[in-house]
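Subject: Structure for you to look at

Hello,

Here is the structure I said I would hand over. Please open it first, then read the notes below with it on screen.

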Amino acid sequence: MSCRIAQIHKVSSHSEVYEPCDDSFALVDALLADRTNLLEHKPTLCLELGCGSGYVITSLALMLGELPGVHYIATDVNLHAVRVTRETLQAHNVHADVIATDLASGLDSRLAGLVDVIVVNPPYVPTPDDEVGQEGITSAWAGGVDGRAVIDRILPVVDKLLSDRGWFYMVTLTSNNPLQICRQMKAGGYASRIVVQRSTEEESLHIIKFWRDSGDPMCKKETATLKKTSSGKVMDSVLSQIHRLPFWKKVESND
């Protein structure tokens, strides 16, 4: 049986491309944790914004490999990352259309309302604003003040691209104020839950899954599951999870 995630020794690299690290592994672990649901969901179009080395989109294609007719797209503004992702996909014998563009620029009109799964490991590290959008590897992590400069651009793009039954997985850092992100998405009609939370010596990461709180059967199932585990409070499940995490006490006073 083929490996369900990308193998590190087959992941291509370049000095100007972000290599798989703790955040990449956490995002793939979240997708693995949700794999049964993803297989039942049967997405037809999956998209990664900011593919870097290709580790995540390749892993997603491998873990959903038994599903027929799934199309994969990956984008990155870094031309080196586009080449590296293509090499990583080829090394694992899976395919995705890899496109050099900023987020989904030039694709958003054609893909509007069509994408069933979006995965993003955004530039989330708090940095001076003038580092955001620089060429090369800096663009992979520089997130501006509170690490939100790129995240705040991503959220409306995701809202435009996701299908009615679409699922969105995103890496966030404590300094990004994930509580506020969840409230913002809730105001737009999204429910959410933390799939994976991971703390290292340097950072505390949580992978949050968002979906439209709609009438789609799989979305209703996801919402029903949350209702059982959060006393009927759907999006508040994320809020309660965040409040229970020890690192959150450090930033809650700033909310």
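Helices and strands here are DSSP runs, numbered from the N terminus; a helix has at least four residues and a strand at least two. With that numbering, Ser-12 lies in the segment before H1. Please keep in mind that this is a predicted model.

The whole protein

The protein has nine helices and seven strands. Of its 255 residues, 53% are buried. The exposed surface comes to about 11,400 Å², and carbon and sulfur atoms supply 50% of that area. Among contacts with a separation of 6 or more, 74% are between residues 24 or more positions apart.

Ser-12

Is Ser-12 buried or exposed? Ser-12 counts as buried because its relative accessibility is 18%, and the cut-off for buried is under 20%. Beyond its neighbours within four places in sequence, Ser-12 is in contact with Ser-53, Val-84, Glu-87 and Thr-88. With Glu-87 there is also a polar contact, side chain to side chain, at 2.4 Å. Ser-12 and Ala-81 are 69 residues apart in sequence, while their C-alpha atoms are 9.5 Å apart in space.

Asn-121

Asn-121 sits in the loop between strand S4 (115-120) and helix H6 (151-161). Its relative accessibility is 14%, so Asn-121 counts as buried. Which residues does Asn-121 contact, leaving aside its neighbours within four places in sequence? They are Tyr-18, Asp-23, Ser-24, Leu-27 and Val-171. The side chains of Asn-121 and Asp-23 are joined by a polar contact of 3.4 Å.

Helix H6

The buried residues of H6 are Ile-151, Ile-154, Leu-155, Val-157, Val-158 and Leu-161. An α-helix has 3.6 residues a turn, so residues three or four places apart point the same way. Look at the listed residues on the helix with that in mind. The cover over the buried residues of H6 includes strand S1 (45-49), helix H5 (108-111), S4, strand S5 (162-173), helix H7 (178-187) and strand S6 (190-199).

Aromatic pairs

How many aromatic pairs does a search of the whole structure find? The search finds two. One of them is Phe-25 with Tyr-55, an edge-to-face pair with 5.6 Å from centre to centre and 80° between the planes. Phe-25 belongs to helix H1 (residues 22-33) and Tyr-55 to helix H3 (residues 55-63); the two are 30 residues apart, and the pair links distant parts of the chain. Phe-25 counts as partly exposed because its relative accessibility is 27%. Tyr-55, at 5%, counts as buried.

Phe-168 and Phe-210 also pair: their ring centres are 5.5 Å apart and their planes are at 25°, so this pair is stacked. Phe-168 lies in strand S5 and Phe-210 in strand S7 (residues 204-212), so the pair ties together parts that are 42 residues apart in sequence. Both Phe-168 and Phe-210 are buried.

Other side chains to look at

The charged end of Lys-209 sits over the ring of Trp-167, at 3.3 Å from the ring centre.

Arg-212 is in strand S7. Why does Arg-212 count as buried? The reason is its relative accessible area of 16%, because the cut-off is under 20%. The side chain of Arg-212 has a polar contact with the side chain of Tyr-190 at 3.0 Å. The Arg-212 side chain also reaches the backbone oxygen of Ser-163, at 3.2 Å.

Cysteines

A disulfide is a covalent bond between the sulfur atoms of two cysteines. A search of the whole structure finds zero disulfides. Cys-46 is buried, with a relative accessible area of 0%, and Cys-51 is buried at 4%.

Two backbone angles

Leu-103 has a phi near 55°, a positive value in a residue other than glycine. Leu-103 lies in the loop between strand S3 (97-100) and H5, and counts as buried at 12% relative accessibility.

Asp-146 has a positive phi too, near 65°, and is likewise a residue other than glycine. Asp-146 is in the loop between S4 and H6. Its relative accessibility is 45%, so Asp-146 counts as partly exposed.

Regards

Key. Residues are numbered from 1 along each chain as its sequence is written. This is a predicted model: local features need pLDDT of at least 70, side-chain atom pairs count only at pLDDT 80 or more; totals for chains, interfaces and linings use all residues. Side-chain values use heavy atoms; hydrogens and water are left out. Buried means under 20% relative accessible area, exposed over 50%, partly exposed in between (1.4 Å probe, protein chains only). A polar contact is a pair of N or O atoms within 3.5 Å; within protein, one must be able to donate a hydrogen and the other to accept it, and residues adjacent in sequence count only if both atoms are side-chain atoms. Contact means heavy atoms within 4.5 Å. Accessible areas come from the Shrake-Rupley method with a 1.4 Å probe; for residues, only the protein chains shown count as cover. A disulfide is a pair of cysteine sulfur atoms within 2.5 Å. Rings of Phe, Tyr and Trp (its six-membered ring) pair if their centres lie within 6.5 Å; planes under 30 degrees apart count as stacked, over 60 as edge-to-face and the rest as tilted. A charge sits over a ring if NZ of Lys or CZ of Arg is within 6 Å of the ring centre and within 35 degrees of the ring normal.
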